[in-house]
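Student: Can you walk me through a structure? I'd like to start with the ligand surroundings.

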Amino acid sequence: MASGLAETPASERTRIVLFGRRNAGKSSLLNALCGQPVALVSPVPGTTADPVRKAVEWLPLGPCLLVDTAGVDDDAVERGEAIGALRAGRARREIREADAAVVVTDAATGFGPWERALASELRDAGTAFFLAVNRVDEIPAAPERLAALAAEAAAPVFAVSAATGEGVSALRDALASSRPDEPASQRLLADRLRPGDLVVLVVPIDGAAPKGRLILPQQLALRDVLDAHAAALVAQPSELSGLFAGLPRPPRLVVTDSQVFAEVRALVPRDVPLTGFSVLMARYKGDWNALRAGAAAVDALRDGDRVLVCEGCTHRRQCGDIGTVKIPRWLAEATGRKLVFDFASGRDWPDREKLRGYALVVHCGGCMLSRREMRARVSDCASAGVPVVNYGVLIAKLRGVDLDA
Ligand SMILES: Nc1nc2c(ncn2[C@@H]2O[C@H](COP(=O)(O)OP(=O)(O)OP(=O)(O)O)[C@@H](O)[C@H]2O)c(=O)[nH]1
Ligand code: SF4
Ligand SMILES: [Mg+2]
């Protein structure tokens, strides 16, 4: 989904994902929930292959992302075909990112083995779900049947018809009033500021900067400064020299692009805390301690060790060549080791078995990833016993800069 300056980015939206067997009516229900024909519907099982996403604003929940997925019971999986495994695997990957879920079934199918497996995966991921018993225009669901299904699923049940719209607004209201388990108190920056504070944001405009706009962590930081009723001064590194002496009061904080940590540290008065956009991002996504601990692993790297450099999106221009060129060069220079680098981007994230082959994972700030996905990635690394660090924390370590998280 494209996210312009006027829209809440997908990574900041509450993600509500529809799961179920093929032909359960997931796509029809997504269309009914958002009142638009967004997803393709057909009587042919397996119509939806890749997840379909639709941004909506539902009050009181706020900005949401509805996600329709492929059927988890892909018959191509049963026939041993790789494409089926891929389709169902993609649907299951959405579980990692779901803040809330709807398991779609009908009164005849009920809460069968596929639905039980989904519910168990959702519970393991800590994701609350609703059971939507669809097709009630065709297959009536008596109150006793619904009560039995609610007990089996241990989840709220809604009888709906995606075809006629019956029960759909009740389901929408329940979803919009739900409070998915999100650390809403965690802010990028606002929780560290008081009204009247001054913050200096250092934003280099170089060849890697996108044309005509700021990148997401910079936009989010500015918005947080405004939310906190503080004031921001935005400058390139070349404008910093002499700037601090002329300020009416010392800034509460300086936030810089990680790539210029060392030169900015030299210009910022020692008693003014300095941090990086990607450090704030790590803290915001709730994995600061793990990422900081991961930086120490750099000292233990040996010749021949494999390092995975991973970017959360494929918008290479946003982070330039930092992951593919600069990080490998800086790591090789700092450690003096002959390291082997692999690269991954977007949703291309290895499973735990593959992760075990790495001595270190270096992840970008993950601004385009949801908090859930970023936390799941850090947790995958912990389960695989692989240290993980992010760009900003790694660069600070390599430059010997003390960070104020
Ligand atoms: N009568 C009736 N038909 C429905 C209802 N919901 C969906 N259908 C029909 O069921 C068929 C499958 O619907 P889809 O929405 O494509 O189902 P899906 O779960 O997305 O299926 P896949 O993408 O193949 O996994 C279509 O022919 C729909 O028109 C409903 O509430 N009532
Ligand atoms: S590569 Fe990472 S930090 Fe850079 S824009 Fe993409 S998600 Fe954000
Ligand atoms: Mg579908």
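Tutor: Ala, Val, Leu, Ile, Met, Phe, Trp, Tyr, Cys and Pro count as nonpolar, Asp, Glu, Lys and Arg as charged, and the others, Gly among them, as polar. This is a predicted model, where local features need pLDDT of at least 70, side-chain atom pairs count only at pLDDT 80 or more, and totals for chains, interfaces and linings use all residues. Residues are numbered from 1 along each chain as written, ligands are numbered from 1 and chains lettered from A in written order, and side-chain values use heavy atoms, without hydrogens and water.

Student: How does the shell around ligand 1 divide?

Tutor: Into seven nonpolar, eleven polar and six charged residues.

Student: Which come nearest?

Tutor: Lys26, Ser27, Ser28, Gly46 and Thr47, out of 24 residues around ligand 1; near means a heavy atom within 4 Å.

Student: What does the side chain of Ser28 do there?

Tutor: An N or O atom of the Ser28 side chain is 2.5 Å from an oxygen atom of ligand 1. For Asp137, a polar side-chain atom is 2.9 Å from a nitrogen atom of the ligand.

Student: New topic. Which rings pair, and how are they tilted?

Tutor: Phe130 and Phe158: their centres are 5.9 Å apart and their planes at 55°, so the pair is tilted. Rings of Phe, Tyr and Trp (its six-membered ring) pair with centres within 6.5 Å; planes under 30 degrees apart are stacked, over 60 edge-to-face, the rest tilted.

Student: Is Phe130 buried or exposed?

Tutor: Buried, at 10% relative accessible area; buried means under 20%, exposed over 50%, partly exposed in between (1.4 Å probe, protein chains only).

Conventions: A polar contact is a pair of N or O atoms within 3.5 Å; within protein, one must be able to donate a hydrogen and the other to accept it, and residues adjacent in sequence count only if both atoms are side-chain atoms.
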